[in-house]
Amino acid sequence: MSIFSRNDTETAPATDLAALTGDYTIDPAHSTIGFVARHAMVTNVKGGFQDFTGTLHLDGTDPSRSTASIDVVMNSISTGNADRDGHLKSADFFRTDEFPTMTFRSTAAEDLGGGDYRITGDLTILGTTRPLSIDLEFNGAAKDPFGNERVGFEGKAEILRSEWGLTWNAALETGGVLVSDKIKLNFDISAIRNA
């Protein structure tokens with residue numbers, strides 16, 4: 001079963017696979033690129049990026065030929081705490097003055113069946129490029145009240161931030177470290193078909 005024919009009570013009606021073929025622009029006003037980090041070994045800190053752009057190409061005949069490209073403005077990081085956001089932008093973490101953008105460029109796409117989809121690509125942070133696979137769920141396709149043809153996806157992935165050179169940390173008196181190496185990424189994407 002293709003993800004493009006997924007249908008349940010919380011998604012748009014199933015769409016003909018071939019009808020989705022085309023180019024789309026991610027709508028940042030209705031999309032989220034977020035992350036979760038473990039803090040002090042006891043709780044999760046959630047954040048996201050407020051400024052990003054991206055494009056999708058969906059191939060309904062051959063989903064493996066679908067592609068994605070995303071550019072994230074690192075200065076737009078937001079965790080709900082100004083001091084923490086400033087620290088994340090500093091030389092200890094993202095060095096946003098030197099590396100203003102994080103990018104993802106897909107290299108492969110796969111329909112896993114059962115409503116699951118996976119896109120693999122190159123994630124670049126701090127000038128380091130490493131592979132990343134994102135598991136996706138297709139949420140449906142619909143025409144909004146303004147006549148825009150939309151598609152929606154939810155995605156998740158995990159990375160070890162140290163693999164991209166994000167190694168700052170502080171030891172805890174009780175053992176462990178202040179910030180987890182493992183970071184959970186989450187995506188909620190709404191994209192509009194190009195005219």
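Author: Ser 31 is buried, with a relative accessible area of 10%; buried means under 20% relative accessible area, exposed means over 50%, and partly exposed lies in between, with a 1.4 Å probe and protein chains only. This is a predicted model, in which local features need pLDDT of at least 70, side-chain atom pairs count only at pLDDT 80 or more, and totals for chains, interfaces and linings use all residues. Residues are numbered from 1 along each chain as its sequence is written, and side-chain values use heavy atoms, with hydrogens and water left out.

Reader: Where is Ser 31 found?

Author: Ser 31 is in the loop between strand 1 (22–26) and strand 2 (32–39). Strands (E, at least two residues) and helices (H or I, at least four) are DSSP runs, numbered from the N terminus.

Reader: And what does Ser 31 touch?

Author: Not counting residues up to four places away in sequence, Ser 31 touches Ile 26, Phe 52, Asp 188, Ile 189 and Ser 190; contact means heavy atoms within 4.5 Å. The side chain of Ser 31 also reaches the backbone nitrogen of Ser 190 at 2.9 Å.

Reader: Changing topic: how many salt bridges are there?

Author: The count comes to nine salt bridges, each being a side-chain nitrogen of Lys or Arg within 4 Å of a carboxyl oxygen of Asp or Glu. One of them joins Asp 27 to Arg 150, with the closest N and O atoms 2.9 Å apart. That pair links distant parts of the chain, since Asp 27 is in the loop between strand 1 and strand 2 while Arg 150 is in strand 10, 123 residues apart.

Reader: Is Asp 27 buried or exposed?

Author: Asp 27 is buried, at 12% relative accessible area. Arg 150 is buried as well, at 18%.

Reader: What does Arg 105 pair with?

Author: Arg 105 meets Asp 71 in a salt bridge, at 3.0 Å from N to O. Here Arg 105 belongs to strand 7 (residues 101–113) and Asp 71 to strand 5 (residues 67–73), 34 residues apart. Arg 105 is partly exposed at 35% relative accessibility, and Asp 71 is partly exposed at 23%.

Reader: What about Arg 193?

Author: Arg 193 forms a salt bridge with Glu 149, the closest N and O atoms being 3.6 Å apart. Arg 193 lies in strand 11 and Glu 149 in strand 10, so this pair ties together parts 44 residues apart in sequence. Arg 193 is partly exposed at 27%, and Glu 149 is partly exposed at 38%.

Reader: Which strands does strand 10 join?

Author: Strand 10 (residues 149–160) runs antiparallel to strand 9 (residues 128–143), and eight bridges join the two. Eleven bridges join strand 10 to strand 11 (residues 179–193), again antiparallel. Two strands pair if DSSP finds at least two bridges between them. Gly 155 is the bridge partner of Leu 136, and Ala 157 stands opposite Leu 185 in strand 11.

Reader: What lies between strand 9 and strand 10?

Author: The hairpin has five residues between the strands, and Gly 147 takes a positive phi near 90 degrees.

Reader: Which residues have a positive phi without being a glycine?

Author: Among them are Arg 95, with a phi of about 45 degrees, and Leu 126, with a phi of about 55 degrees. Arg 95 lies in the loop between helix 1 (82–89) and strand 7 and is partly exposed at 30%. Leu 126 lies in the loop between strand 8 (116–125) and strand 9 and is buried at 12%.

Technical notes: A polar contact is a pair of N or O atoms within 3.5 Å; within protein, one must be able to donate a hydrogen and the other to accept it, and residues adjacent in sequence count only if both atoms are side-chain atoms.
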